[in-house]
Number of protein chains: 2
Amino acid sequence: MARLTSAEGEVLLDEFRRYLRDHGQPVTRPRDRVARVVLRSDEHLSVEQIHQQLVQQGEAVGLATIYRTLELLEKSGLVRAHDFGQGFRRFEPNPGQGSHYHLICLRCGRVEEFQHERLERMLPIIADEHGYEAERHRLELYGTCRDCRRRAFG
Amino acid sequence: MARLTSAEGEVLLDEFRRYLRDHGQPVTRPRDRVARVVLRSDEHLSVEQIHQQLVQQGEAVGLATIYRTLELLEKSGLVRAHDFGQGFRRFEPNPGQGSHYHLICLRCGRVEEFQHERLERMLPIIADEHGYEAERHRLELYGTCRDCRRRAFG
DNA sequence: TTCCCTGCAAAGCATTTGCATCAAA
DNA sequence: TTTGATGCAAATGCTTTGCAGGGAA
């Protein structure tokens, strides 16, 4: 599911630094570390996973700071939060203008992404038909992934 | 957004009673009251709203029992839970086989439903294309409803 | 020195669980 | 008497907030 190269993550990290500066917020080491982990990741990380990665890097950051930095990252538009009904949120780098959707395996919890241009064109039209001015949307398909089916049946 | 007539709610309530009996579970008054509120509603109720309605009816039921009854209602397939990112879940009578989708107004929080046959046919196919055996899906469109736009602009 | 970010600990919330009580068979 | 549903209160888990301490300008 590799979406971001390390170089792309670096670009996003720079954008975050710029966002902070433009908003009179200092670019601190803990913020930078949290942002780096999230923006470089090609997965949907939970706060716990972010924290663990930082600990492993010897760059432990308090949970409160992780949450506060994620709030900044969301406000900057560089990160999006998701709730896949697992009791906690997951965070991923925002893919910019193009939307993408999620496939969630109900057996192993894996989360994959896919894009779908036709859907993306349809959804704002559907919203409009119902009197809504669309702002964003969310589509999740829940099921059993190939690996889990293989594991179960053969 | 009226979807259920009171009579339809009554049918669902009977189905729930039958489900309980078939599963060796007693049909008690608190369960019946909770089920009645949810199954008769044409809205997406929060636990707090369910509780309030019961209090107003002079039929107060403990929160724990409400949660436990909702679990039974979900297992019976008669009720579905949703998390619209508001920090708590909402519950609605399950519309049976046909899926429906949600429009959520980001200003006033109103939740509307819509159906879309073409989408409904597309989604399992998309899941299949990615190796997933689709079980269920969720589509939510977030935006500004007609009323809120009118309110904002004149 | 001043400002405010950080991190610990405590608080908040929705939800779940433990347990004594009580109703029904 | 036995079973197990109920409801209070406590516990849980994620997230937010309060506040003392510390680093940077």
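Guide: What you have here is a predicted model, in which local features need pLDDT of at least 70 and side-chain atom pairs count only at pLDDT 80 or more, while totals for chains, interfaces and linings use all residues. Residues are numbered from 1 along each chain as its sequence is written, chains are lettered from A and ligands numbered from 1 in the order in which they are written, and side-chain values use heavy atoms, with hydrogens and water left out.

Now for Glu140(A). You'll find Glu140(A) in strand S6 of chain A, residues 133-144. Strands here are DSSP runs of E, at least two residues long, and helices are runs of H or I with at least four, both numbered from the N terminus. Glu140(A) is buried, with a relative accessible area of 0%. For the record, buried is under 20% relative accessible area, exposed is over 50%, and partly exposed is in between, using a 1.4 Å probe on the protein chains only. The side chain of Glu140(A) has a polar contact with that of Arg138(A), at 3.3 Å. Such a contact is a pair of N or O atoms within 3.5 Å; within protein, one must be able to donate a hydrogen and the other to accept it, and residues adjacent in sequence count only if both atoms are side-chain atoms. Skip the neighbours within four places in sequence, and the contacts of Glu140(A) include Asp83(A), Phe84(A), His102(A) and Ile104(A) from chain A, plus Arg136(B), His137(B) and Arg138(B) across in chain B. (Contact means heavy atoms within 4.5 Å.)

Sugar or phosphate makes up 72% of the DNA strand C atoms within 4 Å of the protein, and bases make up the rest. One base contact to look up: an N or O atom in the Arg68(A) side chain is 2.5 Å from a base nitrogen of DNA strand C. On the phosphate side, a side-chain N or O atom of Tyr67(B) is 2.5 Å from a phosphate oxygen of DNA strand C, and a polar backbone atom of Arg89(B) is 3.0 Å from one. The elements giving two or more residues to this surface are helix H2 (29-40) and H4 of chain A, together with H4 of chain B.

Then there's DNA strand D. Out of 17 residues around DNA strand D, Tyr67(A), Arg89(A), Thr28(B), Thr65(B) and Arg68(B) come nearest. Of the atoms of DNA strand D within 4 Å of the protein, 70% are sugar and phosphate. Phosphate oxygens of DNA strand D sit 2.9 Å from a backbone N or O atom of Arg89(A), 3.2 Å from one of Gly62(B), and 2.9 Å from a side-chain N or O atom of Thr65(B).

Last stop is helix H3 of chain B, residues 47-56, whose buried residues are Val47(B), Ile50(B) and Leu54(B). They span an arc of only 65 degrees around the axis, which puts them on the same side of H3(B); the arc is taken from the directions from the helix axis to the C-beta atoms. Facing away from that buried side are the exposed Glu48(B) and Gln56(B). The cover over the buried residues of H3(B) includes helix H2 (29-40), strand S1 (45-46), helix H4 (63-75) and strand S3 (90-93) of chain B. Just past H3(B), Gly58(B) has a positive phi of about 70 degrees.

Key: A residue is near a molecule or strand if one of its heavy atoms lies within 4 Å of it.
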